[in-house]
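Please keep the model open while reading, and take the points group by group.

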Amino acid sequence: MNASAATVAGSEVNGTLVAGSGDGSAATTGKSSGKSEKITELAKEGQVFTVPVYTDVRFGSGTNWRSSGIPANVAVMCHVDIFGDPGVPAPRVCVTGTADAPAPAPAPAPAPASAPIVGDVVDSSFNVIASSYRNTAAQLSKDAGIEYRYGPSAAAYGVGNGGMPTLYARDARTQLASPAPSHPFYWQVGGPPSSSAGAYSTNQANMVFVADNPTQRIGVADFQVSGYMFNTFAQLPQLGWTRAAVPGGGIDSINSLSYKASGLVTGDPIAVGRCTGRSGFCNESLVAYQNGVIATAGSNTATNQASVKLPANKVPTAITMTTQSEFALVTVWDTTALKGQVAVIALAGLCDGCDPYNSSGHTIGNVKYEAYYKWWNEWMAPYPGLPNMGSIAFMKILGYIDLPGMNAPTEIAATTGLDQFQTFVGADFIGYDNTPLSSNWSKFTGSGINANRYAKGGMAVVISKSEQKAAFIDLKPLFSHVNGVYFSANVTQTSNLGQGDSQWPYTFANTPSQTPTVVKTVSLAAKPTAVKTTVFGSPQRAWIATQDGTLHIYSIDGYAPGGTAASPSASAIAEVGTVTGIGRNPTSLATSKGEPTDGSIEPLNRQILVASRGDRKVSWVRFASNGNSGTIVRTLQDTRMVDPIAVEDADNFANAGYLTSVVDYAGKAVRNYRYGPVIFSDGGACPKPSGCALTPTTANGVTHNIEYGGALDVPGTPFQMSTFNVP
């Protein structure tokens, strides 16, 4: 329903609109003034509406109303979860209107001023403080911005080394040697080196940090988390041997150095993100920079360069990608309008080094390639918005999702619920076998072989630390639109690829109906500090950590349907349980990729890792089969781990290593810890089933079944990383 749907002239409305803050930051309650108004009914409760200009909209009936400022052309649901409870039961409506001017009334006594909060961007009533908001936005990539985003460290809580173990560590500097090649690869487990490379595999990472010397370091790093070759296993985080072998090779990201050389960025990363799930997908991450550039960060085998740039007034704060790299979602602060948004960026994967705009082929080194060739099974043409293998070659900003009532978003997570293995038919990814889509689109419809092999919807969850809120965004309109064009006779429209509004993929300005919808916003009793979602399957859950050391479990059932379409209700989004004991100020949640190994649960859905900055510990939280409760099954503490601000679990594809990486901000390092055996898939020194066991540590009468893998020193203070298995 739109704003012209129902107009009531001369109605006596027993509720006066009480204007919000003017920036959509809060809903307020109004009571009757007895004056006459001309009102417009926008929607009944449960319906979605838009307004053509920024409008104060009220929700309720009779004598009680809640009001909130709604931005122009944003699909908003008329619902209690958006506007708040007006104190009157259903049926309720959303209305707007202009009142006849009443007689002047005596000036009311001034309300007490809301107190500013030191170091925050809102006051005690959660109203944005414009100067603090803009100043903080300008420093999000600096130490001051990190302190705002990540809050108090263990030092602030007075937590020292008392009672902490110093975990066992192996010799960390044994270089690969004869009969193997003398690569700069330093191993710790297995051996002696063999003459055969064996079932080679490595886990690589991109990490962002505040550089000690920004003139020498760009603040984005590529490095190796773990690796197996020649009968040896490296659990020490280190430069990848292919990078370290190159004269002048260093910690700086190859892609980022290229962007700096071209003048695209100067450094100052704010966030790094990638999709997560099965091993072998999610080849590249994306980095958001202080100047608004969003660009790929590659590895030794995935080097595609692509980027977009946000307008100058939109400062990125966090980034995530949908389950199979279909879209990037970037939370932004609009420093002009003082409001929060989510930028939606369409992504397309292609062969390494391929140009989405060049169909005539290209040369890498001295080798001539066709325009699009088989590379990790990627599509043989650019199809932004469809599942891909993560070698991102094309990006386009489609538009922005406004966040009613949320002006300072700080983190975001997203899921479509699609199991990435569903996108394979036999040994091949659907992209390789179904290009061009103009000849194969019908296979993706009805009972076609590929009808359930792409996402039909999704859920994004955004948190605002300052405003103590979480917003839940339904991505179904976006996926429905993109899928509807690709998998129909309209697929011919996708050949006009470009950055214009009317070029493919279409922007929200061109096709506003595809804009994702905020279906629920909830308030939290404590500051939210981190957010994560399940990857695929059931139950579908979102986890929100709060600064008081509580992990809140939210149902998002139906909103991450994977390959099957669903039409869920906002009522499905609800808090269903909590987990305590995770430690104060939990600043990072990570998908568990390694355990349990008995097949009793899917670790991608049923277990997460939590980094508590305030208590210097990492906890493994395992959830019940219904997803509504959880218990801590392992805790990591180590005297070397000074300031654990983030955590990541490594893939265990081909060769298992059971490694967790901890980003140590004040310790200026990335530290690896092993919590299970090393198992070589080809046998050798660590054969199945037991492999090479870790060495536990007993301290103060407690045995810790975790081994220290070593550290990669960082020329600055690291705060985020993302890992992946290299195909």
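Predicted model: local features only at pLDDT ≥ 70, side-chain atom pairs only at ≥ 80, totals over all residues.

**Aromatic pairs**

- The count of aromatic pairs comes to 23.
- Tyr454 and Phe487 form a tilted pair, because their ring centres lie 4.4 Å apart and their planes stand at 45°, between the limits of 30 degrees for stacked and 60 for edge-to-face.
- This pair links distant parts of the chain, 33 residues apart, with Tyr454 in the loop between α7 (430-433) and β28 (459-464) and Phe487 in the loop between α8 (476-486) and β30 (517-523).
- Tyr454 and Phe487 are both buried.
- Trp543 and Phe623 make a stacked pair, with 4.9 Å from centre to centre and 5° between the planes.
- Here too distant parts of the chain are linked, since Trp543 belongs to strand β32 (residues 541-546) and Phe623 to strand β37 (residues 617-623), 80 residues apart.
- Trp543 is buried, and Phe623 is buried as well.

**A cluster of rings**

- Ring pairs join Phe281, Trp379, Tyr383, Phe421, Phe424, Phe429, Phe444, Tyr454, Tyr486, Phe487, Trp504 and Tyr506 into a cluster, and the tilted pair of Tyr454 and Phe487 therefore has both its members among these residues.

**Charges over rings**

- Arg58 places its charged end over the ring of Trp65, at 4.9 Å from the ring centre.
- Arg173 lies over the face of Tyr186, where the distance to the ring centre is 4.1 Å.

- Apart from neighbours within four places in sequence, Ser141 is in contact with Val210, Asp268, Pro269, Ile270 and Gln290.
- Ser141 and Pro316 are separated by 175 residues in sequence, while their C-alpha atoms are 9.9 Å apart in space.

**Strands β15 and β16**

- Strand β15 (residues 269-273) is mostly covered, with five of its five residues buried.
- β15 pairs with strand β16 (residues 285-289) in the antiparallel sense, over four bridges.
- Gly273 has Leu286 as its bridge partner in β16.

Key. Residues numbered from 1 in each chain as written. Heavy atoms only, no water. Phe/Tyr/Trp six-rings, centres within 6.5 Å; stacked < 30°, edge-to-face > 60°. Helix = DSSP H or I, 4+ residues; strand = E, 2+ residues; numbered from the N terminus. Buried < 20%, exposed > 50% of the residue type's maximum accessible area, 1.4 Å probe, protein only. Lys NZ or Arg CZ within 6 Å of the ring centre and 35° of its normal. Contact = heavy atoms within 4.5 Å. Pairing = 2+ DSSP bridges.
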